[in-house]
Structure formats: structure tokens, C-alpha cells
Amino acid sequence: MVLSDRSIKKELAKGRIVISPLDPEDIQPASVDLHLDGNILVFANSRRPYIDVKESLEDLTQMVEIQEDQPFILHPGEFVLGSTLENIELPDDLVARLEGKSSLGRIGLVIHSTAGFVDPGWKGHLTLELSNLARLPITLYRGMKIGQISYLQLSTPADRLYGSESLGSKYQGQTVPTASRFSQDFTNQDS
């Protein structure tokens, strides 16, 4: 069951859903609009001939800050990581879906490739997987509406929440765009 605006407001008032900061005008009929934060993680030129999923990506990315008066230009075919301005927190019996704004999708901007699902127990800013499918560059501005989050009720509360030690959650509490930590899956297997 997808939560309506009325249910979202009730859950926010109870503190079970956290969206901070929140402008009440961003609450839509069945979702809440989210905004782009000012940091973009770009893939830097590298001497590596490929991305090895077993290796850390720390040396393949660099953080760029979007200035208040200047846009970040996302070129055709380019892929970068952004982040929501908002901190998001979920209780044990709700999941969330992150989706793009249709107006941005209509110009070729995709805000996630695969990571649109937010688990129960999540706490942090959501990393956005930003891609430009258009033939022209697209401007991204700090604070612009970038996506929307909707909430779904679970059949029962989850037993293991995102962030629990037994899950080995890699991104709990993130506040900036965070590069893939998939390599940790291989490191943890070796332990």
C-alpha cells in the first residue's frame, strides 16, 4: 500500500518518517519532492583501463561543489553521483521508492539507474545516480527539485533493519554522494 499525502503527514508528525529539511509545499498527493544538494561526485580521468568491482573507487572520483550562482553542466552520456539535500529516515515497517521528476525525465535526466529502493531503518542523504540521456548538456542547480520519494507499508515490521551490524550496511548515515563500496563485499568474504 502506497501512503497518501494524509498518511505521509501523519507519519511525519509522529516522527516515524524523517525528511529534513522539509517544506510542506513539497508534499505531493502520494510522494514528497526532494532537492539536489551542492556536492557532485564525478569520475576523474584515470590510468585504469576499467573499473574492477573488487577494488576501491576512491582514486577514480573527485568531489565538485555546485556554486550558488553557477550550474553544474551534465554532458550527454555523462554519469555522476549527487545527493539529496534532505536527510531521510525510515521506521521498521516502511520502505521508500526514489523516483525522478517527470519534467526532468522528459529532457533526458535520469536520477537513478538501479538504486531507487530505500530499506526500513535507512538514515542519511540518498545518493543519486545522475545520467544525461539527451543530446544536449543539462544544467543542474544546487537546491533544485530533483526527485520524489514515496512510501510503502510492509506486511510486518522488518526483523533486520538497514544499518544493523548483521547486514553490513555500507551507506548508513551518508551525508554526501558516496561512491560504490561494492568492493567491501569481496573484502568481507575473505575475512
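Which element gives the most to the lining of the largest pocket? I opened my notes with this question, keeping in mind that the model is predicted. I found that E10 gives the most, with 3 residues.

**Entry on the largest pocket**

I looked up the space in the largest pocket and noted about 760 Å³. I then turned to the residues around this space, and recorded that 31 residues line the largest pocket, with Ala115, Glu129, Tyr171, Thr178 and Ser180 the closest to its centre. I went on to the elements that give two or more residues to this lining, and listed strand E6 (79-89), strand E9 (117-118), strand E10 (123-132) and helix H3 (183-190).

**Entry on the second largest pocket**

I next looked up the second largest pocket, for which I noted about 220 Å³ of space. I read through its lining residues, which include Leu41, Ser56, Leu57, Glu58 and Thr61, and also the run of Pro177, Thr178, Ala179, Ser180 and Arg181, with Ser183 and Gln184 among them as well. I saw that Thr178 and Ser180, which belong to this lining, are also among the residues closest to the centre of the largest pocket. I recorded the lining of the second largest pocket as 4 nonpolar, 6 polar and 2 charged residues.

**Entry on a peptide bond**

Is the peptide bond from Ser20 to Pro21 cis or trans? I noted that this bond is cis, with omega near 0 degrees. I also looked up where Pro21 lies, and placed Pro21 in the loop between strand E1 (18-20) and strand E2 (32-35).

Conventions
Residues are numbered from 1 along each chain as its sequence is written. This is a predicted model: local features need pLDDT of at least 70, side-chain atom pairs count only at pLDDT 80 or more; totals for chains, interfaces and linings use all residues. Side-chain values use heavy atoms; hydrogens and water are left out. On a 1 Å grid over the protein atoms alone, a cavity is a set of points where a 1.4 Å probe fits but cannot get out, and a pocket is an open set with protein on both sides within 12 Å along at least five of seven lines; lining residues have an atom within 4 Å of a point. Grid points are joined across faces, edges and corners, and a volume is the space filled by probe spheres set on the points. Helices (H or I, at least four residues) and strands (E, at least two) are DSSP runs, numbered from the N terminus. Ala, Val, Leu, Ile, Met, Phe, Trp, Tyr, Cys and Pro count as nonpolar, Asp, Glu, Lys and Arg as charged, and the others, Gly among them, as polar.
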